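This report walks through selected side-chain features of one protein chain. Please keep the sequence and the model in view while reading.

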Amino acid sequence: MRRPLIAGNWKMNMSVREAEDFIDAIKKAADTTSDEVLVCVPSIHLGLLSSKVFGSNLEIGAQTMHEEEKGAFTGEISADMLKDYGISHCIIGHSERRKFFNETDVTVNLKLKKALEKDISPVVCVGETLEEKEGGIAESVIKRQILGAFKDIPGKEAEIVAVAYEPVWAIGTGRTAEPEDAQKTIGYIRELLDDKYGKEISEKTRILYGGSVKSSNIKNIMKQKDIDGVLVGGASLDKDHFKKIIKYK
Ligand code: PGA
């Protein structure tokens, strides 16, 4: 059985006061579910917020990390720095990182390897743009991103990775993929993992959906057989809304 993962991604939002208030408000809701609950916050809030969730079912994750151990990479944070604060998860290769910060399948793969080496559970994002969808090449894009991300990663480590399928055209647009369409692509991702690693691993790997998830659509999304969780952007910024998302059952 794959344990569902309900993850928020604040992106570059939330003052320190808003962040503390949010975490205090949702801790209880997170403790009442058997699902894993994660909020990925701006790096500057990681230390403070991770100390606030100690002992609860709520986890704090990072939104990115650098692939190198340490060194002259101004502005970046390393996996060891995340570990220092007890950070257990990190989003890797979000489409905004690919678009605005030049991340590629190659750097995503390096980051994934570094996260795994340091015992940080990665949430690796893949997804096609609107242009790619309309051009009929969505599947080949997903295949390239998945095979690129998992290149040279052994099966035992691959099962620790959560994949988030986030069609770029559904991110922040209010236009969610139909749950059946999301299931189709996520089923395809599981097939790709199956071809590469075999059933034992592919059946253990969690695959999430992301892109305009809200309290009103999460139930139908989570009903799909291959969808093991959600990565929520905009709707994770409102504590009452995110509480409803956590309690979708
Ligand atoms: P959204 O963002 O929920 O605002 O569409 C999702 C994401 O970017 O992870």
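## Cysteines

A disulfide is counted when two cysteine sulfur atoms lie within 2.5 Å. The model is a predicted one. How many disulfides does the structure hold? It holds zero. The sulfur of Cys40 has its closest cysteine sulfur in Cys90, at 7.4 Å, so the two are too far apart for a bond. Cys40 is buried, because its relative accessible area is 1%, and buried means under 20%.

Cys125 is in no disulfide either. The nearest cysteine sulfur to Cys125 is that of Cys40, 8.9 Å away. Cys125 belongs to strand S5, residues 121-126. Is Cys125 buried or exposed? With a relative accessible area of 2%, Cys125 is buried. Setting aside neighbours within four places in sequence, its contacts are Ile91, Ile92, Gly93, His94, Arg98, Ala164, Glu166 and Leu231. Gly174 lies 49 residues from Cys125 along the chain, and their C-alpha atoms are separated by 19 Å.

## Aromatic pairs

The structure contains four aromatic pairs. One of them joins Phe22 and Phe242. This pair is tilted, with 35° between the planes and 6.0 Å from centre to centre. Phe22 sits in helix H1 (residues 16-31) and Phe242 in helix H12 (residues 239-246). The pair thus links distant parts of the chain, 220 residues apart. Both Phe22 and Phe242 are buried. Ring pairs also bring in Trp10, giving a cluster of Trp10, Phe22 and Phe242.

Phe150 and Tyr197 form another aromatic pair, edge-to-face this time. Where do the two partners lie? Phe150 is in the loop between helix H7 (138-149) and helix H8 (155-158), while Tyr197 is in helix H9 (residues 179-197). The partners are 47 residues apart, and the pair links distant parts of the chain. Phe150 is buried, at 0% relative accessible area. Tyr197 is buried too, at 17%.

## Charges over rings

Two charge-to-ring arrangements deserve a look. The charged end of Arg97 sits over the ring of Phe101, 4.1 Å from the ring centre. Lys133 lies over the face of Trp169, with 4.5 Å to the ring centre.

What volume does the largest pocket have? The space in it comes to about 400 Å³. Its lining is made up of 17 residues. Nearest the centre are Lys11, Met12, Gln63, Arg97 and Phe101.

H4 spans residues 95-100, and Ser95 is in it. Ser95 is buried, with a relative accessible area of 17%. Beyond its neighbours within four places in sequence, Ser95 is in contact with Val168 and Ile171.

## Lys204

Lys204 is in the loop between helix H10 (199-202) and strand S7 (206-210). Its relative accessibility is 38%, so Lys204 counts as partly exposed. Which residues does Lys204 contact, leaving aside neighbours within four places in sequence? They are Arg2, Lys156 and Glu159. Glu159 is 45 residues from Lys204 along the chain, yet the C-alpha atoms are separated by 6.0 Å.

## Positive phi angles

Most residues other than glycine have a negative phi. Met14 has a positive phi of about 90°, although it is not a glycine. Met14 is in the loop between strand S1 (5-9) and H1. Met14 is buried, because its relative accessible area is 18% and the limit for buried is under 20%.

Asp152 also has a positive phi, of about 60°, and is not a glycine. Asp152 lies in the loop between H7 and H8. Phe150 is in that loop as well. Is Asp152 buried or exposed? At 57% relative accessible area, Asp152 is exposed, whereas Phe150 is buried.

Definitions and conventions
Residues numbered from 1 in each chain as written. Predicted model: local features only at pLDDT ≥ 70, side-chain atom pairs only at ≥ 80, totals over all residues. Heavy atoms only, no water. Phe/Tyr/Trp six-rings, centres within 6.5 Å; stacked < 30°, edge-to-face > 60°. Helix = DSSP H or I, 4+ residues; strand = E, 2+ residues; numbered from the N terminus. Buried < 20%, exposed > 50% of the residue type's maximum accessible area, 1.4 Å probe, protein only. Lys NZ or Arg CZ within 6 Å of the ring centre and 35° of its normal. Contact = heavy atoms within 4.5 Å. 1 Å grid on protein atoms, 1.4 Å probe; cavity = no way out; pocket = protein on both sides within 12 Å on 5 of 7 lines; lining within 4 Å. Points joined across faces, edges and corners; volume = space filled by probe spheres on them.
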